[in-house]
Amino acid sequence: MKLLSSDLKIKIRQYVKMALQNVLLPVVYNIAKHQGIERGLVVFADAHNQKVPSSMAPLAREIKRRGHMHVIEIYDDYQNIPFTRLLRRMLYFMKCYARAEYVVICDNFLPVSSCRKRRETTVIQLWHGCGAFKKFGYDTEGDIPAFYKGNVYRNYDIVTVSAPGCAPHFQSAMRLPGNVFRPYGVCRTDKFFRASYQNACRRRFLEAHPQAEGKQIVLWAPTFRGNPADPRLEQYEDIKKLCAQLPEHIFVIIKVHPHLAKKYPYDNSSLSTDQLLPVTDLLITDYSSIIFEYCIYRKPMLFYAPDIGEYDAGRGFYLDYRSLPGAIVTRQEQLAGEVLRALDGNHAADVEAFYHRYMSGCDGHVVKRLADMMGA
């Protein structure tokens, strides 16, 4: 019954979105565009966060620092605000959109795709994830139902991807022309290349976890199962068993996907995943795109995926799962042994090849590249 209720809620939400996209928002845009374009106006917008998301924050800061462009920021969490506020925020965005030279987003954002936009406005989709791992967008029913009318990704002029090898997968998911996808890299990865950031993360980690001093750090960071509106966590009990099976010199950090954090408060560190990556000696995940950011550090990873067959059949991958740079474990009793082997082994060459194929655009200079391209 709970599943039916969840499905019904999702369906109602999709129909409301269709009505907004196809009727109200285009009318507002067409009225507002008579004001003309404001050269130098950049609108940063997001529908999943109440403040600037990490995927666009570095670029927003750089544009403001340079001081040559007028920046408007419009952020809110559309899933958790009253409908009247949601409507006001969408209408405000459409009025800004109609006169902006640039619009920058980093996730699905319905208002951008709701109208026939003017050619003078450039929409830049930074996206929020690196690489292309599991299927998304139009390639999976879980993201965009077959009954949904209206192009979710319409009007994108530039979609930044982390490497040329990812572009065909993004094109398949978004159904946009190939020349839209540019391997400029992902903004939020610039910090991973800075020694100051890495050192600060190590200091914060030891302040938060003094008991981890001198130990090898293993990070379990799984993705979620099901729909983002009703996600679930798998394999937590198996990881608890693993913690008891590992020797004293290994310290395990548990970090669940943001969609799961409220429902499953199992995190044992207050640090963000980004802050944990520089201090991690081994990453354990299942189907999370965290592997792309982590490969920047050329450290080993391990894939714990007891439900690989079911997940592949239901969601599917862009990559050959068995070609990933790390052992795949499907049984809990094998996990501790594989962790020790991964920590003691040498997987640098495999991880290096993976980085160059899927993350070569991420080189520590992504923000500068994008700001220069925008003429800021």
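## Salt bridges in this model

A salt bridge here is a side-chain nitrogen of Lys or Arg within 4 Å of a carboxyl oxygen of Asp or Glu. By this rule, the count in this predicted model comes to 24 salt bridges. The idea behind the rule is simple: side chains of opposite charge can pair when their charged atoms come close. Let's look at some of these pairs, and then at a strand.

## R225 and its two partners

Which residues form salt bridges with R225? One of them is D286, and the closest N and O atoms of this pair are 2.9 Å apart. R225 sits in strand β8 (residues 225–227), while D286 belongs to the loop between β11 and α8 (290–294). The two are 61 residues apart, so to speak in distant parts of the chain. Both R225 and D286 are buried.

D307 also meets R225 in a salt bridge, again with 2.9 Å from N to O. This time the partner comes from the loop between β12 and α9, and 82 residues separate D307 from R225. D307 is buried too.

Another salt bridge brings together the side chains of K263 and D230, at 3.2 Å from N to O. K263 lies in the loop between β10 (250–254) and α7 (273–276), and D230 is in strand β9 (residues 230–232), so this pair ties together parts that are 33 residues apart in sequence.

Are K263 and D230 buried or partly exposed? K263 has a relative accessible area of 40%, so K263 is partly exposed. D230, at 24% relative accessibility, counts as partly exposed as well; the cut-off for buried is under 20%.

Salt bridges can also share partners: E62, R65, R66, K368 and D372 are joined into one network in this way.

Now follow the chain to strand β12 (residues 301–304), which is covered on both faces. M301 and F303 point to one side, L302 and Y304 to the other, and all four are buried.

Between β12 and β13 you can look for helix α9 (residues 308–314): together, β12, α9 and β13 make a right-handed β-α-β unit.

Notes
Residues numbered from 1 in each chain as written. Predicted model: local features only at pLDDT ≥ 70, side-chain atom pairs only at ≥ 80, totals over all residues. Heavy atoms only, no water. Buried < 20%, exposed > 50% of the residue type's maximum accessible area, 1.4 Å probe, protein only. Right-handed = clockwise from strand over helix to strand, strands pointing away.
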